[in-house]
Amino acid sequence: MRNIARCVALVVIITLPAFAQSQATPPDRDVVFQASTIGALLDGVYDGDITLGELRRHGDFGIGTVNGLDGELIVLNGAFFSVTADGRVHLLPPAVSTPFAAVTPFQTDRVHALRDVTSLDVLKQQIDAVLPTTNIAYAIRVTGVFTQVKTRSVPRQSRPYRPLAEIVESQPTFEFENVAGTLVGFRLPGFVAGLNVPGYHLHFLADDLSGGGHLLECAVEQATVEIDDSRGLFVALPATEDFDASDASQERKEELERVEKDSK
Ligand code: ZN
């Protein structure tokens, strides 16, 4: 197993010291740590060299996927869950590796009540309305009893790997009604394009672990959003032949839109 220090090849720091000093939390807790890039994932780099155990040292909250693209990853309260293509939730051991994930030590900086959320777009608008700026990273945790949730997962892949945009065309989707659960994810600035998903990227996990996945749509009458402001973004690039050989020259904006959104 490779030491993470050896595969760190790129560091992106978003920092505004004057503002950072006024924050109550220590700066090292306000870093989003991500393994690999969304561009590499879109290009079919589905095996990474960082384990969930190593990822845990950088945060207890986040999202991603696991090696072989074997489901959607949710990191909540320090536990790692995957939602596989059959819709089932699995508690993952620390030895599992990930090709793409982002985590942070979640500390609530802001709490707001959400009301009458009739769609995912409304959810985004209500959260955006309480953010002081859209130029920094936010970890987003929304808890409530959702009247409606639609998610998707991805089927495990075998080599030779196809690009992600082809795979999600046959993605299994799941619908839930009146389900207690948590939305887990991030809202990132537009300038992360190529590295991660600009804007909102949320996964869902039902409280009773009956399901979850990459969030496509939701509705909730009353919910609570907790927001963790982050002014640091750390990108650990995999030390793998696949990553080195991938095409990192494009931003892949259209592919990302197809992958992130509901195609139906
Ligand atoms: Zn996702």
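I begin with the terms for elements: helices (H or I, at least four residues) and strands (E, at least two) are DSSP runs, numbered from the N terminus. I note that this is a predicted model, where local features need pLDDT of at least 70, side-chain atom pairs count only at pLDDT 80 or more, and totals for chains, interfaces and linings use all residues. Residues are numbered from 1 along each chain as its sequence is written, and side-chain values use heavy atoms, with hydrogens and water left out.

**Entry: Arg156**

I looked up Arg156 and found it in the loop between E11 and helix H6 (164-167). Arg156 is exposed, with a relative accessible area of 54%; the scale I use calls a residue buried under 20% relative accessible area, exposed over 50% and partly exposed in between (1.4 Å probe, protein chains only). Leaving aside neighbours within four places in sequence, I find Arg156 in contact with Asn67, Gly68, Leu69 and Asp70, where contact means heavy atoms within 4.5 Å. The side chain of Arg156 makes a polar contact with the side chain of Asp70 at 3.4 Å; such a contact is a pair of N or O atoms within 3.5 Å, and within protein one must be able to donate a hydrogen and the other to accept it, while residues adjacent in sequence count only if both atoms are side-chain atoms.

Which residues of helix H5 (residues 120-128) are buried? I list Leu120, Val122, Leu123 and Ile127. They lie on the same side of H5, because they cover an arc of only 160 degrees around the axis, the arc being that of the directions from the helix axis to the C-beta atoms. The buried residues of H5 pack against strands E10 (110-117), E11 (137-152), E12 (173-188), E13 (199-206) and E14 (212-230).

I then looked up the largest nonpolar core, which has 27 residues, and Leu123 and Ile127 are among those that touch the most other members. A nonpolar core is a set of buried Ala, Val, Leu, Ile, Met, Phe, Trp, Tyr and Cys residues joined through side-chain atoms within 4.5 Å. E14 gives the most to this core, with six residues.

**Entry: the zinc ion**

The zinc ion is coordinated by His201 (NE2), His203 (NE2) and His214 (ND1), at 2.1 Å. Donors are N, O and S atoms within 2.8 Å of the metal (3.2 Å for Na, K and Ca), and water is not among the atoms, so sites may look incomplete. I noted that His201 is buried, with a relative accessible area of 10%, and that His203 is buried at 1%.
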